[in-house]
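The sequence and structure come first.

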Amino acid sequence: MIFDVLIIGGGVIGCCIARTLSKYDLNIALVEKEADIASVTTKANSGVIHAGYAASREYIRRNLCIRGNKLYTQACEELNFPFIRIGSFVVAVEDKQIKYLEEERKRGIEDGVPGLELILDKEKIKYMEPNITDDVIGVLHAPTAGIASPYELAFALAENAATNGVSFFRNEKVKRIARQNYTFRIKTNSKEFKANNIINAAGLYAAKISKMVGLDYFDIMPRKGEYILFDRNALHLNKILFPIPTKVSKGILVCPTIHGNTFVGPNAQNITDKKDISTTEAGLKEILDGGRLLVPNLPTRASIRNFAGLRAVPSTYDFIIDNTDVYGFINVAGILSPGLTSCFAIAEKIEEFLELLGLQLKIKENYNPIRPKPERFKDFSKEEIDEKIKQDPSWGKIICRCETIPEKEILDAIHAPVGATTVDGVKFRCRPGMGRCQGGFCRPRVIEILSRELYLPFEEVTKRGEYTNFLVGKTKDLLIDKSERGVEE
């Protein structure tokens with residue numbers, strides 16, 4: 001088969017493009033080198049949906065962010081992913097910072113960002129966000145800003161795309177690309193694909209993919225950001241809190257999550273290793289010190305996890321969205337912040353590019369934009385749960401005690417379109433292992449369920465793919481083997 005469009009990269013950008021194009025009568029494939037989609041930058045993302053005023057006017061990401069923010073309302077209604085517009089504050093603690101906030105408000109309003117408000121009444125600010133520092137003298141309030149779960153959005157996009165005919169191929173690392181007679185041949189570690197058009201959404205590796213077709217006009221630098229996550233309900237914030245930004249980043253923020261936790265971070269460290277997601281003592285101290293400038297009473301003793309993510313920073317410091325000189329090859333690279341906010345607007349641009357390339361974008365008669373909302377134990381009343389358990393006993397078997405996740409939710413995650421095949425895949429789809437004990441209780445049970453449902457030996461169940469196996473063999477077998485080798489010696 002020759003695909004009309006092949007997308008390289010299964011992060012939120014690649015999945016959003018796949019879902020947007022799935023409405024058309026096209027043969028579409030998405031290849032992802034990891035064991036699951038949403039496994040790299042999308043997995044360790046702040047989850048903030050920005051209002052759109054922050055980027056400089058010279059960058060295309062500013063307009064794409066403003067447009068993308070507006071598209072989230074309809075997308076949430078269709079895809080049933082968690083998203084709430086709680087609003088954000090940019091916090092001024094010095095008089096000279098007020099002028100900056102006023103300039104940002106003015107430019108934002110001129111560019112179509114709704115509802116921007118400079119608030120200088122400290123009593124009102126403290127009423128709207130009681131946990132904010134007493135040093136606050138003013139805030140820029142953006143009511144259209146919100147929070148989402150980036151990986152749950154990516155899963156929703158992928159499920160809907162797959163339902164509408166997109167083929168997903170995981171564990172397929174692109175090795176080389178050749179072109180002959182306007183057809184691309186894409187060689188991966190185990191397959192060869194043919195496609196008339198390629199969309200390069202490969203994140204940290206987008207420059208490498210671009211060079212495979214002879215396009216060497218940008219580089220990607222990994223920028224590491226560290227986070228600390230606090231236990232649910234340890235701190236209740238009403239707003240996303242930003243400091244005055246630096247030239248490098250929007251700064252260290254304090255932010256609630258869609259599931260009731262709070263996090264502080266990220267910092268911004270330019271590195272060279274595209275696999276370095278380690279955290280450091282110095283880095284964690286930096287984000288705590290930064291966070292305390294906004295919220296002095298950070299509940300440090302309620303920290304349940306620290307982690308790091310990598311952002312793909314292009315040498316242009318702006319999104320690279322190009323219908324390139326190689327006919328049929330589209331670069332969607334360097335999607336740094338606010339990429340999550342911009343994803344739906346980016347996908348619209350790709351539609352425009354494909355039309356320019358001559359594709360007939362005819363909407364399918366049977367296109368279904370709706371992805372049903374996943375059923376969650378916590379959303380049901382006691383009477384509803386009792387009825388559910390009568391119909392299916394797996395609703396009554398609680399696997400994760402911290403998050404109250406029954407076996408049924410895990411089964412649904414595994415058997416969904418583009419379903420979970422790893423422990424992390426289950427964790428990010430329905431949250432077992434996300435609570436206070438971080439999987440100490442539920443992980444062996446999740447391994448058992450994956451083994452049973454996917455017909456895998458225990459030893460082949462992994463955390464996140466190749467070389468992340470949990471088990472190597474049965475204890476008795478290992479002891480017997482060791483004993484026998486001792487006798488031989």
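## Basis

Helices, meaning H or I runs of at least four residues, are DSSP runs numbered from the N terminus. The model is predicted.

## Salt bridges within helices

Helix α9 spans residues 382–391 and holds both D386 and K382, which sit four residues apart, about one turn of the helix. Their side chains meet in a salt bridge, with an N to O distance of 3.2 Å. D386 is partly exposed at 33% relative accessibility, whereas K382 is exposed at 60%.

In helix α3, R105 and E102 are three residues apart, a separation of about one helical turn. The two form a salt bridge whose closest N and O atoms are 2.8 Å apart. R105 has a relative accessibility of 23% and counts as partly exposed; E102, at 30%, is also partly exposed.

R57 and D111 form a salt bridge, and their closest N and O atoms lie 3.0 Å apart. This pair links distant parts of the chain, 54 residues apart: R57 is in the loop between β4 (48–49) and α2 (60–79), and D111 is in the loop between α3 (95–110) and β7 (117–119). R57 is partly exposed, with a relative accessible area of 44%. D111 is partly exposed as well, with a value of 25%.

## Network and total

R57 and D111 belong to a network of salt bridges that also includes R62 and E110. In total, 35 salt bridges are counted in the model.

Terms used
Residues are numbered from 1 along each chain as its sequence is written. This is a predicted model: local features need pLDDT of at least 70, side-chain atom pairs count only at pLDDT 80 or more; totals for chains, interfaces and linings use all residues. Side-chain values use heavy atoms; hydrogens and water are left out. A salt bridge is a side-chain nitrogen of Lys or Arg within 4 Å of a carboxyl oxygen of Asp or Glu. Helices (H or I, at least four residues) and strands (E, at least two) are DSSP runs, numbered from the N terminus. Buried means under 20% relative accessible area, exposed over 50%, partly exposed in between (1.4 Å probe, protein chains only).
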